[in-house]
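User: I'd like to go through the labels on this one and see what stands behind each. Can you show it first?

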Amino acid sequence: MRSVQCFRMISKKCKGLFVEVNGFSYQLAAVTSLSPPLTVESITEVSRQEPEKLREMIGEVIGPAKNRFLRSHCGIVPESRFFRLHTIESLAKAKEPQYFLDLLESQYRINPKSVRASAVSASTGLGFDGTRPLATQKELMICGADIREFEAFQDNLVECGVYPASLQLSTLSSLGAMKNYLRSQESADPVLLVEMTQNSSHLFILSKDRIDLCRPVNFGFNSVLPTIQKELGLQDEESARGLFFSDTFDFRELGSKLLRRMLKELHASSGFYEVQTGQTIPHVYMTLLPRSLHWIAEVIAAEMEMNLLDINWENWLQTMGVSIGGDLSIGDFDASRFGLAGLFGSFSGKSDAVEKQKEN
Amino acid sequence: MRLKNRKKTDEHAPWRPDFRDSPRLPDTKPIRTGFLLNFVAIVLAVGLLGAYAFREYALYNISNEVAYLGEQVEENRSGNKELVRLNQQFLRARNIAREAVRFDREPLPVPRFLANLAESLPEGVVLDAIEMRFLPGEAADKDVYPPFLIQLDGSVVEFEGSSPSRILNLLQERLEQLPSLQGRVLENDLSQFNRNNELDVFDFSLQVRLDVEEESGS
């Protein structure tokens with residue numbers, strides 16, 4: 001994996017950062033405020049393999065002292081992340097302290113002692129609260145990851161001079177962001193959201209009202225390497241890896257072959273959804289993809305016969321109270337930056353479903 | 001809601017549950033806050049201590065002054081007694097002297113006054129009595145002479161067309177002009193004026209108050 005070049009340094013006037021840490025890079029947005037309204041002064045990428053560069057960059061803003069930090073909201077993508085949709089049948093039962101711990105263990109085969117997890121409403125994104133009525137929190141998204149991964153990410157950020165004002169799951173934040181985007185565009189269409197990392201993927205089907213479907217897929221970037229090696233007659237998987245991430249080879253022709261397993265899952269889930277709801281899914285969107293792998297999104301869109309969702313960045317950032325400053329332009333925002341941008345907004349806690357009821 | 005090891009609901013922003021491990025975070029804020037609190041507390045304590053010390057010092061100084069002045073008072077007490085005694089002696093002597101002076105003092109030159117009066121008495125006026133005295137009890141201050149009263153009692157008749165009241169007015173005016181009284185008349189009252197039917201005259205009583213100046217050097 002070649003090192004991603006930093007093309008913008010952080011201004012000394014920076015008041016804080018939004019940071020997304022994914023499998024490839026630290027993505028940093030230097031901002032004037034950690035809550036909207038805010039201005040993004042610069043966006044910088046530093047390779048995950050070069051944390052000392054991040055430390056250096058931050059040191060230029062806050063000075064070399066060890067106990068000085070830049071406050072940041074951070075979104076991370078741990079490999080052990082999990083997302084499950086769950087329907088609450090009885091609020092009384094759900095209020096019991098052991099309910100979710102038992103759920104993790106018995107239903108999802110996840111050891112509750114080894115993970116940090118949270119349950120949020122699939123429609124509002126607010127944490128489950130036993131004192132609130134069931135209406136807006138009947139459908140929950142259970143999410144979390146291995147404690148050790150959370151700790152490792154946190155320690156790593158702190159070592160680089162980043163003080164996490166929050167440590168979020170970038171995936172969840174992106175789901176909220178997509179929902180918010182669809183709402184801002186008043187789009188009633190569902191979207192198939194796909195995220196892929198080295199060893200795992202998740203697919204979500206969501207609309208402006210709620211997350212309807214969520215499925216883990218046992219498929220990641222590493223899954224395509226054997227196929228690349230075989231198809232191109234390469235010596236070993238390492239060569240395949242080098243080629244895959246190098247952005248020198250056009251994999252589009254091989255695309256459907258490489259992504260066959262993923263496409264199978266996508267077809268299955270979208271088909272299931274369309275049958276259940278009678279609604280076709282016109283759009284697909286992929287997050288966490290570096291620019292060099294954007295072809296994956298294009299292949300998936302083509303194979304699924306869907307449009308790649310074209311985000312109206314200017315409009316959306318404005319609705320979030322985010323403006324652009326410094327040398328940035330709207331063109332600097334694309335799918336590879338969606339996760340980062342999703343950290344900016346503070347999305348309304350009102351349940352869209354509740355508001356819909358009010359309208360009716 | 002964080003599922004593990006949390007009893008109460010954590011309010012987080014929508015879609016943003018926080019997975020930080022707070023004990024592992026670097027301790028930045030508490031140090032600064034603690035430092036600031038300590039600093040403020042120390043400054044307050046030092047300030048209060050300083051104020052207290054200053055007050056104690058001032059109190060000590062004042063006590064010393066009081067003691068010193070007390071000593072001074074004691075030292076001067078006998079001298080002061082003697083001075084008070086002398087002063088009382090002096091006052092007694094002064095009062096006696098004043099009385100003597102007063103006794104001797106003529107508030108006005110009586111023979112000259114009587115001569116002036118006789119010359120200026122208008123026609124139609126007959127004097128029955130002339131009384132002259134100091135008005136007692138009017139001067140509160142012993143250093144100031146009380147006013148001197150001259151009371152003229154008599155009767156008046158109409159004369160050559162002038163009414164009795166006009167004649168008395170004339171008398172009053174002339175009295176004020178008398179050389180022996182000039183400039184010292186405080187009041188000039190007709191205290192009584194009534195018809196006497198038996199004798200067909202008007203009885204009157206005229207009171208003249210004089211301002212008696214204190215002679216210097218008496």
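Analyst: Two strands pair if DSSP finds at least two bridges between them, strands being DSSP runs of E, at least two residues, numbered from the N terminus. This is a predicted model, with local features needing pLDDT of at least 70 and side-chain atom pairs counting only at pLDDT 80 or more, while totals for chains, interfaces and linings use all residues. Residues are numbered from 1 along each chain as its sequence is written, and side-chain values use heavy atoms, without hydrogens and water.

User: Why are strand 9 and strand 12 of chain A called a pair?

Analyst: Strand 9 (residues 191-196) and strand 12 (residues 283-287) of chain A share five bridges, in the parallel sense. At least two are required, so they pair. Leu192(A) sits opposite Val284(A) of strand 12.

User: What makes strand 11 and strand 13 of chain A edge strands?

Analyst: The open sheet runs 11-10-9-12-13 in chain A, with mixed pairing. Strand 11 (211-217) and strand 13 (307-308) each pair on one side only.

User: Why is the link between Glu151(A) and Arg24(B) called a salt bridge?

Analyst: The rule wants a side-chain nitrogen of Lys or Arg within 4 Å of a carboxyl oxygen of Asp or Glu. Here N to O is 3.5 Å, so Glu151(A) and Arg24(B) qualify. The interface of chain B and chain A has three salt bridges by that rule.

User: How do you know which residues belong to the contact between chain B and chain A?

Analyst: Contact means heavy atoms within 4.5 Å. That takes in 20 residues from chain B and 51 from chain A.

Conventions. Chains are lettered from A and ligands numbered from 1 in the order in which they are written. Helices (H or I, at least four residues) and strands (E, at least two) are DSSP runs, numbered from the N terminus.
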